[in-house]
Amino acid sequence: MKKLTILFFCFMAVINVSYGEDKVAIGEANKKVKAIDDARDDLYQLEIKQHVEVSEGVPPSVVFFYKPEREELVLVEFSAGHEIFSVVYKYYFENKKIIKYSKEILNRPDNPPKRAIIYGSDGSVLWKNTINEPVISVKNILEIYSLNMRLIQDASKY
Amino acid sequence: MAKLILTGSVGIGGKNESKDIEAVQKALNQCIKLLAPLPKLKEDGDLGKNPASSKTVAAIKAFQKKVVGMANPDGLISVDKGTHRKLNETAVPANLDLLTFPGTSFTYVKTTKTVEECIATLPAELRTDFKIVIINVIKEMHKLGFALGVLQNARAGYRTFQDQIIVRQKDPKASGAGPGESFHHYGLAVDLGVLQWIDNKGKAHSDFWLGAMDEMAGYKGFSSKIWAKRDSYCVNKAFRLRKERIHLQGVPATTSGRVWLAKCMSEAGKADSYEYKKGGINKKYKCKVKKDASWVEIGTAKELWMGIVKNVTAEQKKKIIKHFKASENIAKTINIQ
């Protein structure tokens with residue numbers, strides 16, 4: 001019985017440490033996200049935008065925000081208008097690793113909650129609400145960014 | 001249903017108290033459609049002499065395989081374990097008449113809204129031919145158990161030019177059409193969403209865009225089936241836009257609202273010998289005062305609405321604004337082929 005009690009407390013201690021570590025990591029991730037949001041105006045942008053003749057809603061667009069030095073991608077923002085409301089997806093990065101993904105539906109009368117996933121440094125999910133995965137995989141986002149940057153660079157050769 | 005409460009396990013190797021067996025039989029009967037082709041169970045609280053060969057245990061195994069997703073069903077329901085919990089989630093009140101959506105295994109209950117209530121949400125300004133098509137869509141979807149209609153507080157039906165400005169002011173990222181450029185002005189568009197649907201527990205949902213449905217356990221992927229079914233009743237007389245799921249319009253999706261705004265303005269300007277046409281992708285409009293004059297770029301629909309007209313005299317500006325404002329009424333009746 002005594003052994004069992006000791007085992008139980010050890011187990012709870014491990015759980016508490018693990019929970020505490022996650023809490024700290026989530027706090028760190030949120031700090032990094034805030035720093036990126038704050039620096040947004042100073043970041044360089046690569047934008048893909050659709051211009052169409054026929055549309056009730058604003059056509060989708062994507063903006064890649066990157067640091068000028070080494071062209072490090074830090075934020076990707078998709079937005080699309082749907083007549084009376086719009087949807088915005090955001091991906092936050094650090095060193096090519098995802099920190100946070102969020103989906104926000106703005107101005108829809110039923111006012112759906114903001115969804116998000118916060119990731120650990122190893123890519124594991126630390127926290128999420130109602131969504132399981134990003135609309136476009138992180139791998140694809142990074143590939144699209146790198147392809148488009150290459151396209152821009154190649155196009156600037158003479 | 002009332003929560004399935006068990007005092008002990010039921011099934012192969014279970015405690016098999018008669019009251020518990022009867023409760024399980026009732027719960028399984030409430031989701032018997034999911035266990036097809038199994039027939040309804042007798043609710044007698046008995047597993048017979050050999051539980052393993054009883055119909056109740058066969059139904060437990062079928063439930064474990066089809067609903068719980070167990071590869072090797074053990075035919076036992078233990079208190080508060082996976083099968084018990086799933087049975088509580090899945091079983092529905094006995095008095096609910098469950099419907100199964102065509103071509104799927106999604107179950108739900110018929111809406112409590114009448115078809116007349118749904119039709120009454122359509123705006124009076126809808127053109128007759130288009131309205132007939134939309135009423136038919138509403139009726140067919142109602143037969144399937146869904147209440148479709150137009151949400152009254154979302155400018156989802158007819159819109160004035162002013163409404164379009166308000167929509168854009170509220171969220172500039174939302175609407176791509178300026179005043180006069182949307183088919184909502186022509187009585188030829190509605191955002192036909194779901195006013196009410198009822199899940200297989202009997203809970204009613206006001207989920208116009210079906211956004212909540214997509215996040216409900218057991219309903220993932222259902223919304224796309226519902227929209228596709230709605231579209232199937234449009235029979236090439238109402239058209240959806242690729243990126244606007246709930247929007248339906250009475251003209252093909254490739255029809256430009258800007259071309260038609262220019263036509264309405266030209267109609268308004270006929271007496272003054274003014275002609276209009278849309279410009280390029282910059283969304284500006286062009287005006288020609290006389291037949292032999294050249295085209296002049298006068299601004300976007302939003303600018304015209306605000307009284308801003310470029311490259312013209314003060315007198316021409318007055319006339320252009322008059323034509324733009326008159327086009328709002330012309331849009332309601334102009335013949336769009």
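1. A charge sits over a ring if NZ of Lys or CZ of Arg is within 6 Å of the ring centre and within 35 degrees of the ring normal. By that rule B:Lys263 lies over the face of B:Trp260, 4.3 Å from the ring centre, and A:Arg108 lies over the face of A:Phe85 at 5.3 Å.

2. A word on ground rules: this is a predicted model, where local features need pLDDT of at least 70, side-chain atom pairs count only at pLDDT 80 or more, and totals for chains, interfaces and linings use all residues. Residues are numbered from 1 along each chain as its sequence is written, chains are lettered from A and ligands numbered from 1 in the order written, and side-chain values use heavy atoms, leaving out hydrogens and water.

3. Over all chains there are 21 aromatic pairs (Phe, Tyr and six-membered Trp rings with centres within 6.5 Å; planes under 30 degrees apart are stacked, over 60 edge-to-face, the rest tilted). B:Phe101 and B:Tyr108 form a tilted pair, because their centres are 6.2 Å apart and their planes stand at 55°.

4. Are B:Phe101 and B:Tyr108 buried or exposed? Both are buried (under 20% relative accessible area, with a 1.4 Å probe and protein chains only).

5. β11(B), residues 284-288, pairs with β12(B) over 4 bridges, and B:Cys287 stands opposite B:Val296.

Notes: Pairing = 2+ DSSP bridges. Helix = DSSP H or I, 4+ residues; strand = E, 2+ residues; numbered from the N terminus. Buried < 20%, exposed > 50% of the residue type's maximum accessible area, 1.4 Å probe, protein only.
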